[in-house]
Amino acid sequence: MDETQHDHLKSYGIAFWVLKNGEEVDWLLNYRGGSFMLKYDQKAEAECKIRGVSYEVLADAKVTSILNEITDPSVNMDLVKLEKAPKMAVYSPKSKLPWDDAVTLVLTYAEIPYTVLYDEEIIKGELPKYDWLHLHHEDFTGQYSKFYAAFHTASWYIEDQQQQEALAHKLGFKKVSQMKLAVAKNIRDFCSGGGFLFAMCSGTDTFDIALAADGTDICERMFDGDPADPNAQAKLDFNKTFAFQNFKLDENPYSHQFSNIDVTTSRTVDRSQDFFTLFDFSAKWDVVPSMLTQNHDKVVKGFMGLTTAFRKDLLKPGVLILGELKSAGEARYIHGDYGKGQWTFYGGHDPEDYQHAIGDPPTDLKLHPNSPGYRLILNNVLFPAARKKKQKT
């Protein structure tokens with residue numbers, strides 16, 4: 001999985017395919033970019049050839065040499081057993097909206113199967129059937145991504161609002177914001193019970209904002225038919241959030257921002273300087289963050305989104321920063337525990353489309369098979385398959 005790999009992204013699909021077929025995969029942390037090792041099988045070799053994935057067939061003596069190198073206490077490497085393919089769910093509307101989801105793009109490209117769930121399925125209690133859930137360009141506050149100013153006359157915006165309102169009423173809610181809060185609380189409980197949550201773009205901060213605003217109306221009239229609570233800011237409860245605290249709502253309904261968690265409108269980073277750095281964790285001591293940061297490139301080019309990156313000074317004390325743009329005070333990739341489960345938030349919309357706009361065509365991943373930014377997504381996909389090891393730190 002170093003620079004010699006022809007297609008890093010499809011390599012994860014091979015690992016998932018092996019797991020689906022009942023075999024284990026050894027993930028060699030920090031060995032040649034975080035390589036995968038599996039028992040030789042002609043079918044697996046044929047699958048690598050079909051998918052265009054680079055591989056090496058190793059003699060037993062070479063395998064022993066690699067394992068000895070990895071287990072050497074003086075080197076920053078480790079071996080993690082991947083045992084069972086996790087059941088994947090993606091939170092996404094059934095209707096087509098004018099933007100794409102980087103995670104569904106890369107899951108499809110890597111040939112990793114997933115199931116699409118939305119509000120109705122989650123409210124009806126289907127989420128515990130899965131091990132992993134992804135949120136992307138979502139708005140759990142019920143403000144329709146705060147696109148009102150720019151797009152409230154667009155047919156897709158009108159149709160989406162009508163469909164959301166109809167679904168909320170069908171499920172017994174008076175407002176879309178109440179339905180979205182119920183969904184967020186179901187996702188919270190899923191994570192608390194041991195589920196893995198991965199979120200990108202506005203699926204990150206709006207999730208926490210909705211939880212903090214539980215019981216408080218933060219939506220203006222154009223979103224839910226009545227004015228927001230003028231004391232909403234003072235009523236936020238940061239004890240209910242996963243990642244963020246002490247943030248301030250953006251109460252202007254004509255603004256694209258939800259709060260000051262996101263840095264999209266305040267950052268002064270030139271595109272030519274927009275890169276973030278992955279932290280180098282101890283593979284033998286900090287296994288989880290080491291898995292989540294496996295890559296062939298530790299400096300990743302930045303990319304924007306409705307939520308681009310997070311202000312570091314608004315992170316809760318227990319939040320682990322996996323990747324940051326230190327000079328700008330931005331955290332791009334963060335991780336934490338919640339109950340028995342774990343979550344990862346990744347800022348930005350599409351790792352290979354710097355400023356994805358409404359209506360832009362989807363990224364063709366055939367042009368980016370070695371994308372370091374997309375690899376981070378796939379690290380999270382395999383993460384739930386790992387044999388659980390007790391954290392040493």
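**Entry 1: the second largest cavity.** I looked up the second largest cavity and found about 40 Å³ of space in it. This is a predicted model, so I keep that in mind for every entry here. I then listed the residues that line this cavity: Trp132, Phe196, Leu197, Phe198, His335, Gln342, Trp343, Thr344, Asn380 and Phe383. Two strands, S7 (196-200) and S13 (341-346), each give at least two residues to that lining. Which classes do the lining residues of the second largest cavity fall into? I noted 6 nonpolar and 4 polar residues, with no charged ones.

**Entry 2: the largest cavity.** My search of the whole structure turned up 2 cavities of 30 Å³ or more. The largest cavity holds about 110 Å³ of space. It has 13 lining residues, and Gln143, Ile218, Leu249, Asp250 and Glu251 are the closest to its centre. By class I wrote down 8 nonpolar, 2 polar and 3 charged residues for the lining of the largest cavity.

**Entry 3: the largest pocket.** Next I turned to pockets. The largest pocket has a volume of about 710 Å³. I counted 30 residues in its lining, and those nearest its centre are Phe36, Met37, Ser54, Tyr55 and Glu56. Which elements each supply at least two residues of this lining? I found H1, strand S2 (35-37), helix H2 (42-51) and helix H3 (60-71). H3 provides the largest share, with 4 residues. The lining of the largest pocket divides into 17 nonpolar, 5 polar and 8 charged residues.

**Entry 4: H1 against H4.** H1 had come up at the pocket, where it supplies at least two lining residues, and I wanted to see how it packs elsewhere. Helix H1 (residues 8-20) packs with helix H4 (residues 102-110) at an angle of about 70°, and their axes are 8 Å apart. On the H1 side I noted Leu9, Lys10 and Gly13, which meet Val106, Tyr109 and Ala110 in H4. By class, this contact has 4 nonpolar, 1 polar and 1 charged residues.

Notes:
Residues numbered from 1 in each chain as written. Predicted model: local features only at pLDDT ≥ 70, side-chain atom pairs only at ≥ 80, totals over all residues. Heavy atoms only, no water. Axes fitted to C-alpha atoms, helices over the stretch in contact; angles between N-to-C directions. Contact = heavy atoms within 4.5 Å. Nonpolar A, V, L, I, M, F, W, Y, C, P; charged D, E, K, R; others polar. 1 Å grid on protein atoms, 1.4 Å probe; cavity = no way out; pocket = protein on both sides within 12 Å on 5 of 7 lines; lining within 4 Å. Points joined across faces, edges and corners; volume = space filled by probe spheres on them.
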